[in-house]
Amino acid sequence: MTVDPVLINHVREPNAFTLDFYLAHGGYEALKKALTLAPDSIIDRVKASGLRGRGGAGFPTGMKWQFVDKKIAPRYLACNADESEPGTFKDHLLMERNPHLLIEGCAISCYAIGAKVAYIYIRGEFLHVQRVLEQAIAEAYARGFLGANILGSGFDCEVYIHRGAGAYEAGEETALLESLEGKRAQPRNKPPFPAVVGLYGKPTAVNNVETLCNIPLIVSRGADWYAALGPEKNGGPKLYCVSGHVNRPGVYEASMKVTLRELVEGYAGGVRKGRTLKAVIPGGSSVPILMPDQLDVQASFDAIQKAGSLLGSAAIVVLDDTTCMVWLAENLLHFYRHESCGKCTPCREGTDWLYKILRKIERGEGTPRDLDLLSSISANIGGKTLCAFGDAAVTPVVTTLTHFRHEYEAHILERRCTLVADWRARQQPVGV
Amino acid sequence: MAYDATFHKSARRLEKAGPPFAFTAENRARLDEIIKRYPEDRRRSAVLPALYLVQAQQGYVTVNGMSHVADLLGITRADVEDVVSYYSMFFTHPVGKFVVSVCRTLSCAVNGAERVTEAICDRLGITPGQTDASGTFTLLEVECLGACDRAPVVMVNDAWHEGQTPETVGNMLDDLRARGESALTGCYHAIEGNTPAATRGNK
């Protein structure tokens, strides 16, 4: 299912990030058009387009905006550019190579929800991306696309960058707001949701970079055009990040009518020569694994959910037959253990505990009892935390235990890792 | 507890008070400019940018640096320590001239990140978390950096060196030692001819 890319069509061209290039390709026309429309009619358009949040949850953006309480001022827009889900690198590319699309999206979104300030919360490691964005924002101010009285419309909009400092949890929307307020990035209890009580206690829309980049397209080309790009309720273009054991890893733009097989075997060139596909993680490390016989599923929010996983941030991690699934769970739990914010006890203590058991099994020191313990700890984290992190953290354990229990059992029986892949082989045996 | 399940981060300790600290006039002016981005009564929002300035000025964040930030933002030192001890990009101890961070999460790991780390360890005679004898390099293993199509990703200070192998990473270190900061590259842009083959996007 190939479509002409509309989000990343120019990213390979040398000056794609400049304002002149953007203007020469129809840039900021959507903003001009939006400023002639009533703010509510923009929200209606976004609702009609069916745009669903690209950060991971897939919540309808128009609905999110409608919840923003217009009786309270000031209101804020927070752009979530904390892209940290393992396997995800689409916002990285958008901001680095097409920053004005994001800035235009921010300005239109602010106009729609009646905000005068947008903060782009970018992860601290993306300093090179931040510099590109800063320059683009300066250009936009200089040409009157941001600032006071934009294009003579009377609408004021400021866009600021706020740099994070290394915390996966800052990608959770309420934790992001806490971080913006100068505190630890830890989630708040919900409700109230940010649309009602958000940044500084004011109504706030928190949207992902890719989500905001879709807004100018919806305004300029219309909701019908947008919705028709994908299957029902999964409209618009989608960026897929394919990485892992594939020949051509990268960001690929496609309609959500595309199948996982087309993405893995077509766009990304399939697994490397002589290897066979073992499993695919379709939406970042926080979602369940899909097996090779499930690849013909459509890569849309709804179809992947029906297949037993989630599209998440559309980070497709492809794993070939050299991957030890116990090792994979250990690797990802090392991540979650490190990134747990520490607020909820089940997650803070449980991720550490899970990691230690997995490491033990991977080193050949596990006992049959450990498998039950893994399941038990997982069941006592999932659904028992303030944010979705807890569910995400246990997913690698639960999903590998479901599909690859025999690998765990082999580790315990043979008292060693049964699959030392060439990329992991050491000269020395794994120490204790 | 059978598995010694304690919160690993509680082991983080702050550095001693350190030398007296105050921002240079230039950094102070930059901070004042940044504070204006936030509402008048929300100066606390500038704590991350302020700490980045402390780190840029003295290489790491000391207790005196935190006190200075607390005074300027009208919050307590405990508020600032709370933030410093949470975020992974602030150093509370002196680090080498170049902080080499190797991504260790899944997509980099299946593409040999572990071998890259081992090659750096062998070359410098240190383990992750340590600084080499000359004070030039500090090696860290970090979690997903968000460039999984160019794995394994290595970040040196704020510059990225992607697609490293155990063979190339030695040259990278030699180059940094010989040429200093001019050897730092930016991120590979997704432009034709300036990107590792076979990555990035339609067409």
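Biologist: Into which domains is chain B of this predicted model divided?

Modeller: Chain B of the model, which is predicted, is divided into domain 1, covering 8–84, and domain 2, covering 98–183. These bounds come from an automatic or database domain assignment, and the C-alpha centres of domain 1 of chain B and domain 2 of chain B lie 28 Å apart.

Biologist: What makes up chain B in terms of helices and strands, and in which pattern do they follow along the sequence?

Modeller: Chain B has seven helices and four strands, and, read along the sequence, they follow the pattern α-α-α-α-β-α-α-β-β-β-α. Of the 203 residues of chain B, 39% count as buried, and the cut-off for that word is 20 or more other C-beta atoms within 10 Å of the residue's own.

Biologist: Why are S2 and S4 of chain B said to stand at the edges of the sheet?

Modeller: The four strands of chain B form an open sheet in the order S2-S1-S3-S4, with mixed pairing. Strand S2 (137–142) and strand S4 (159–161) of chain B each have a single partner strand, so one side of each is left without a neighbour in the sheet. From one strand to the next, the twist in this sheet averages 25°.

Biologist: What makes S3 and S4 of chain B count as a pair?

Modeller: Two strands pair if at least two bridges are found between them, and three bridges join strand S3 (residues 154–156) of chain B to S4(B), the two running antiparallel. B:Val154 has B:His161 in S4(B) as its bridge partner. As for the helix on this sheet, H6(B) lies across strand S1 (98–103), S2 and S3 of chain B, and runs at about 150° to S1(B).

Biologist: How many residues does each chain bring to the contact between chain A and chain B?

Modeller: The contact takes 52 residues from chain B and 63 residues from chain A. On the side of chain B that touches chain A, helix H2 (47–58), helix H4 (77–84), helix H5 (106–109) and helix H6 (113–124) of chain B each supply at least two residues, and H2(B) gives the most, with four residues. By class, that side of chain B divides into 28 nonpolar, 12 polar and 12 charged residues.

Biologist: Turning to chain A, what is its domain assignment?

Modeller: The assignment for chain A gives domain 1 (19–228), domain 2 (237–320) and domain 3 (325–414). The C-alpha centres of domain 2 of chain A and domain 3 of chain A lie 23 Å apart, and the contact between these two takes six residues from domain 2 of chain A and eight residues from domain 3 of chain A. On the domain 2 side of that contact in chain A there are four nonpolar, two polar and no charged residues.

Biologist: Why is A:Ala303 called partly exposed?

Modeller: A residue is buried with 20 or more other C-beta atoms within 10 Å, exposed with 12 or fewer, and partly exposed in between; A:Ala303 has 17, so A:Ala303 is partly exposed. A:Ala303 lies in helix H12 (residues 301–306) of chain A, and, leaving aside neighbours within four places in sequence, is in contact with A:Val297 and A:Gln298. The C-alpha atoms of A:Ala303 and A:Ser378, which are 75 residues apart along the chain, are separated by 26 Å.

Biologist: Which strands are the edge strands of the sheet in chain A?

Modeller: This open sheet of four strands has the order S3-S2-S1-S4 in chain A, with parallel pairing. Strand S3 (158–163) and strand S4 (204–208) of chain A are the edge strands, each pairing on one side only, and the twist averages 20° from one strand to the next.

Biologist: How do you know that S1 and S4 of chain A are paired?

Modeller: At least two bridges are needed, and strand S1 (residues 76–81) of chain A and S4(A) pair in the parallel sense over five bridges. A:Cys79 stands opposite A:Asn207 in S4(A). Helix H9 (residues 209–221) of chain A packs on the sheet, touching S1 and S4 of chain A, and its direction makes about 95° with that of S4(A).

Biologist: What is the confidence in chain A, and where is the pLDDT below 50?

Modeller: Chain A averages a pLDDT of 94, and 96% of the residues score at least 70. Over residues 426–432 of chain A the pLDDT is below 50, and, beyond near neighbours in sequence, this stretch has two contacts in the model. Where pLDDT is low, the predicted coordinates should not be read in detail.

Methods:
Residues numbered from 1 in each chain as written. Chains lettered and ligands numbered in written order. Predicted model: local features only at pLDDT ≥ 70, side-chain atom pairs only at ≥ 80, totals over all residues. Contact = placed C-beta atoms within 7 Å. Nonpolar A, V, L, I, M, F, W, Y, C, P; charged D, E, K, R; others polar. pLDDT = per-residue confidence, 0-100. Axes fitted to C-alpha atoms, helices over the stretch in contact; angles between N-to-C directions.
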